[in-house]
Amino acid sequence: MNVRSEHALTFFSWLAAGITAAAVFILIAYLLVQGLPVMGPALFFGDTPWRAAVMGAEPVFDGIYPAVAGTFILIVCSSLIAIPLGICCGIYLAEYARGPLKNIFSFMVDLLSGMPSIVMGLFGFALILLMRRTLYAHANTSIMLSSACIALLILPYLIRMTQVALESLPESSRLLGPSLGYTRWQNIWHVLLPASSTAILSGIILSIGRAAEDTAVIMLTGVVANAGIPRSLSDKFEALPFSIFYLTAEHRDELELLRAFGSALVLLALTATLFFISYCIQRRLKRRWAMGE
Amino acid sequence: MQAPAISVTNLSVAFFGRTILDGITTDVPGNSITMIIGPSGSGKTTLLRAVNRLNEEFAGCSNSGAVRIEVSGRMVDIYSDLPLSKLRRVAGMVFQSPNVFPLSIRKNLLAPLKVMHSLSRSQRHERMEQALKEAELWDEVCDRLDDSALTLSGGQQQRLCLARVLALSPRILLLDEPTASLDVRSAAKIEELLMKLKERYTILAVSHSIRQVKRIADRAVILSAGQIIKTLERGQLETPGLLEGLVDEIF
């Protein structure tokens, strides 16, 4: 390769990285410029006094507080379902599954990860229809159903990240546990999982982000514009991405559009907070593993 | 020469039908150093890993023949008479490049003890200290046990790996080119250590260096294409040119 094309390639890869960084910067800056001015108690609670709203004493009609709470509950519930399931499934695929069975399972995971989220929503919706006709006539869409469908949506990320993280560990660390007499599970638990925890964490972060932003699934499985804060898992709920959608689609004045930007900023902050929390948990677990006794 | 501590009879190992070891029969005398030497791909590491059944961690592995090791005065079959986890503690392994846990020096020794043995806290610490002393590492690390093991030099890390194995009270040490990744001085230190350790343990090691074999081996097994070409005893190893000649032929 001659010097000129060498330079050209260097320049283009530099440019590509630059464009990406610039796009992220512009996006966030734009959101900040548009959203910051409307940030304040009124955005969250409308005319309701914030104390009463947070305590649940008075309903909030003109603020996004119920949507923040809804999205938060949705992410937590779907993570509680998907994270243990996804990590265990990843462990199975990396450490136990062999031969044709492994290929079949891998294909299923690929299929699931290629599934558009609207299909997942439709599945949840159809499930309710089926239940109404068969087992339970009062079955209805709810935050529980949404969480389950979202869990299904983020499951493949968790499975793949765990599987790849485990499989990419070098032979020397894979053999270390067994060479000391560890059983397979002891090796996974004491050696392989801690060694791949950073990569598994990035799978968790990716899936939290996905759970926070998805709109298609929840629109068919229980989100409603003015549901308020869900009192139980079988209630309907509000969610930030949906609020952003309808604030933008149906805005009557400039202020409502600006509130959509404010909501987007809040959604971003909420996911960033959850990222940070999972990062702290992983660091803590890792430190406990490293220091111990 | 001592009674055998490891006895291999007609051992063949294949991966996905491809034969790596082909009808190996050999004895490893107790309390001595036996070194396996041969070109890469000759099955040295596979032979070593046959003794602690580590080959079976890989897909497509099939074994035939017998491997027996001496446990409390009796020769026992490693496939039928010993639980896998016990076998791997009795036959401790050290790898080519030091693979310490990315943990503190202390934890590197205590973690396996905690997983494998039901010892009290003080017993574990006692074993740790004893193993570090046996690996001649104690003086270098006793005041920095809580530092990460990754801060140690390559040679120290390798001795830490050795200590980690010694803490589990093995009878046999399986060493896979234990000095290959080390500088000359660290390697010499390990060789010196092995000469002392053979008083208490049976050592089976893969080596990449003819000179190392001549320096410390009591017996050399020359391997080529999965078969033993020749076994030389200490006396024969001292014959000038004999080992070199044999090795030249197969490389």
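## Close-up views of a predicted two-chain model

**View 1. The four-stranded sheet of chain B.** In chain B, four strands make up an open sheet in the order S2-S1-S4-S5, and their pairing is antiparallel. Strands are counted as paired if DSSP finds at least two bridges between them; helices (H or I, at least four residues) and strands (E, at least two) are DSSP runs, numbered from the N terminus. From one strand to the next, the twist averages 10 degrees. Axes are lines fitted to C-alpha atoms, for helices over the stretch in contact, and angles run from 0 to 180 degrees between N-to-C directions. Helix H1 (residues 44-51) of chain B packs on this sheet and touches S1, S2 and S4 of chain B, contact meaning heavy atoms within 4.5 Å. The direction of H1 makes about 120 degrees with that of S1(B).

The model is predicted: local features need pLDDT of at least 70, side-chain atom pairs count only at pLDDT 80 or more, and totals for chains, interfaces and linings use all residues. Residues are numbered from 1 along each chain as its sequence is written, chains are lettered from A and ligands numbered from 1 in the order in which they are written, and side-chain values use heavy atoms, with hydrogens and water left out.

**View 2. The pairing of S1 and S4 in chain B.** Strand S1 (residues 4-15) and strand S4 (residues 61-71) of chain B run antiparallel and are joined by eight bridges. Ile6(B) has Ile69(B) as its bridge partner in S4(B). Strands of a sheet pair through backbone hydrogen bonds, either parallel or antiparallel.

**View 3. Salt bridges in chain B.** Over all chains, the whole structure holds 22 salt bridges; a salt bridge is a side-chain nitrogen of Lys or Arg within 4 Å of a carboxyl oxygen of Asp or Glu. One of them joins Glu70(B) to Arg171(B), with the closest N and O atoms 3.0 Å apart. This pair links distant parts of the chain, 101 residues apart: Glu70(B) belongs to strand S4 of chain B, and Arg171(B) to the loop between helix H6 (154-166) and strand S7 (172-176) of chain B. Glu70(B) is buried at 18% relative accessible area, whereas Arg171(B) is partly exposed at 30%. Here buried means under 20% relative accessible area, exposed over 50%, and partly exposed in between (1.4 Å probe, protein chains only).

A salt bridge also forms between the side chains of Arg215(B) and Glu191(B), at 2.7 Å from N to O. Arg215(B) is in helix H8 (residues 210-216) of chain B and Glu191(B) in helix H7 (residues 184-197) of chain B, so the pair ties together parts 24 residues apart in sequence. Arg215(B) is partly exposed, with a relative accessible area of 47%, while Glu191(B) is buried at 8% relative accessibility.

**View 4. The six-stranded sheet of chain B.** This open sheet has the strand order S6-S7-S8-S3-S9-S10 (chain B) and mixed pairing. S6 and strand S10 (227-233) of chain B stand at the edges and have a single partner strand each, so one side of each is without a neighbour in the sheet. The twist averages 20 degrees from one strand to the next. S6(B) and S7(B) pair in the parallel sense over four bridges, and the partner of Ala91(B) in S7(B) is Ile172(B). H6(B) packs on the sheet, touching S6 and S7 of chain B, and its direction makes about 165 degrees with that of S6(B).

**View 5. Two helices packed in chain A.** Helix H4 (residues 65-96) and helix H12 (residues 240-249) of chain A pack at about 140 degrees, their axes 8 Å apart. H4(A) and H12(A) are therefore oblique to each other; angles under 35 degrees count as roughly parallel, over 145 as roughly antiparallel, 65 to 115 as roughly perpendicular and the rest as oblique. Ala67(A), Val68(A) and Thr71(A) of H4(A) meet Leu240(A), Pro241(A) and Ser243(A) of H12(A).

**View 6. The surroundings of Ala151(A).** Ala151(A) lies in helix H7 (residues 143-167) of chain A and is buried, at 3% relative accessibility. Apart from neighbours within four places in sequence, Ala151(A) contacts Ser78(A), Ile81(A) and Ala82(A).
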